[in-house]
Amino acid sequence: MSDQRLREGARAFAQKVFDDIKAFSIDPVIGVSRQGYGPLENRAHEYLKDIARELDLEIKVDRCGNLFLTLPGTDRSLPSYMTGSHADSVPQGGHYDGLAGVVAAITTLWWMRKIGFTPKRDVTMVVFRMEESSWFGKAYVGSLAMAGQLTQEDLALKHRDKDQTLAEAIKEAGFDPQDMVKTEPSIDFSRIAAFTELHIEQGPTLDSQDKARVGIVTGIRGNLRHKTCLCIGQTAHSGAVDKQYRHDAVMAMGDLLMRMERHWAEWLVRGEDLVFTVGVFKTAASSAIAIIPGEVSFSVDMRSLSMDTLDRFHKLLVAEANAVGADRGVTFEFDRTLVCKAADVDKALFSHLHDAAQKAGITVMDVPSGAGHDAAVMADMGVPITMVFVANQDGSHNPHEKMKMDDFMLGTEVLFTAIATYD
Ligand SMILES: [Zn+2]
């Protein structure tokens with residue numbers, strides 16, 4: 001291997017890939033928007049294929065549109081080492097969520113070619129389709145379809161602001177929606193020895209560190225969600241109806257949320273891992289200052305490293321909703337429960353990543369992953385996984401999300417070293 005370090009030698013290449021993809025992804029209002037199965041995600045895939053051709057990599061696209069770029073190893077009978085992430089973004093999002101892992105993967109392959117290093121086993125870079133749930137309310141669409149776990153119900157999900165189903169979007173991107181819901185996986189997961197996804201942290205822990213700007217992930221939280229639930233009371237005149245006659249949906253929601261917040265605090269004291277968010281909360285379109293609200297629509301998002309915790313907290317939510325309903329004369333309607341499984345990282349791979357960081361002379365720290373990632377789907381399919389996190393600033397899923405190239409190059413060097421020293 002070369003004496004030159006990746007963090008210096010590959011920096012200009014990585015920066016160019018970020019810049020090139022950003023140039024065609026700018027949202028007319030703010031940030032970047034690359035919808036999964038949309039034209040700009042397609043363009044990012046085509047751009048990466050061009051680089052793959054220059055590097056003489058094998059190019060494959062599965063029936064779901066996920067992209068695989070392989071640098072063949074010296075022993076092709078061995079299962080491959082896979083790395084990668086997703087190339088879609090949330091609407092008006094930042095430039096690094098997902099893309100950092102894609103750029104880290106292509107930079108790793110570019111660097112191997114540059115220094116003339118051929119690994120023992122194949123190294124395959126994967127670019128997953130539509131990881132973000134913000135467009136259709138379903139996360140990991142590309143990787144779940146690859147795993148044979150996408151359903152007809154998922155295909156019927158509606159776009160956040162267009163009159164379009166997920167099936168229609170997939171068709172527009174040039175793929176057959178019915179190919180997406182086959183129960184047979186689109187690839188042979190037993191041919192993957194290890195999977196490491198690099199991602200920005202999307203939280204403040206690493207960025208608050210002086211030394212450790214790179215994290216090794218200890219586990220990925222699963223989530224349980226509802227997209228649109230309803231609390232239905234009775235709409236009435238705000239001056240003419242006294243307290244005892246009211247069925248106020250906003251007050252009922254307040255009651256329910258205060259109950260859940262108290263339970264949440266108690267569960268944390270008991271040592272359970274849990275976060276609970278109602279991020280959408282809307283009164284009816286006809287609501288007004290002088291009307292007692294008769295309807296609230298709301299979302300639910302709960303996450304934990306333990307799926308059992310989520311299951312029990314969800315049951316508690318429904319029980320408390322029924323209790324509030326009985327107290328206040330309102331009814332709650334919960335729409336379909338959407339579940340993403342939590343994932344454990346592979347212990348051996350986790351310590352291999354630590355060894356790689358040490359070899360590269362890069363300080364790392366252990367961090368949990370609060371957000372979900374395609375790596376969780378890989379783990380569910382029996383693939384040993386780990387993740388590398390890179391410090392980032394100003395959060396994520398917003399146009400202000402930032403990341404420093406210095407930190408990114410350190411994370412990419414950990415990834416490269418892990419893959420290069422795997423055998
Ligand atoms: Zn992401």
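## Exercises on helix packing and strand pairing

Arg11, Ala14 and Gln15 of helix 2 meet Met405, Phe408, Met409 and Thr412 of helix 13; contact here means C-beta atoms, placed from the backbone, within 7 Å. Helices are DSSP runs of H or I with at least four residues, strands are runs of E with at least two, and both are numbered from the N terminus.

A word on the model: it's predicted, so local features need pLDDT of at least 70 and side-chain atom pairs count only at pLDDT 80 or more, while totals for chains, interfaces and linings use all residues. Residues are numbered from 1 along each chain as its sequence is written.

**Exercise 1.** Work out how helix 2 and helix 13 are oriented to each other.

Step 1: sort the contact by class, which gives four nonpolar, two polar and one charged residues. (Nonpolar is Ala, Val, Leu, Ile, Met, Phe, Trp, Tyr, Cys and Pro; charged is Asp, Glu, Lys and Arg; the others, Gly among them, are polar.)

Step 2: take the axes of helix 2 (residues 11–23) and helix 13 (residues 405–420), which come within 11 Å and cross at roughly 110 degrees. Axes are lines fitted to C-alpha atoms, for helices over the stretch in contact, with angles from 0 to 180 degrees between N-to-C directions.

Step 3: helix 2 and helix 13 are therefore roughly perpendicular, a label for angles of 65 to 115 degrees.

**Exercise 2.** Describe the packing of helix 9 (residues 249–269) and helix 10 (residues 307–328).

Step 1: the axes of helix 9 and helix 10 are 10 Å apart, at an angle of about 145 degrees.

Step 2: list the contact, which includes Leu256, Met260 and Trp267 of helix 9 and Phe313, Leu317 and Val324 of helix 10.

Step 3: by class, the contact of helix 9 with helix 10 has nine nonpolar, one polar and four charged residues.

**Exercise 3.** Find the strands that pair with strand 7 (residues 222–232), among them strand 12. Strands pair if DSSP finds at least two bridges between them.

Step 1: strand 12 (residues 295–304) runs antiparallel to strand 7, with nine bridges joining them. Arg225 stands opposite Asp301 of strand 12.

Step 2: strand 14 (residues 338–340) is also antiparallel to strand 7, through three bridges. Asn223 has Cys340 of strand 14 as its bridge partner.

Step 3: strand 13 (residues 331–333) pairs with strand 7 in the antiparallel sense over three bridges. Leu230 is partnered by Glu333 in strand 13.

Key
Parallel < 35°, antiparallel > 145°, perpendicular 65-115°, else oblique. Contact = placed C-beta atoms within 7 Å.
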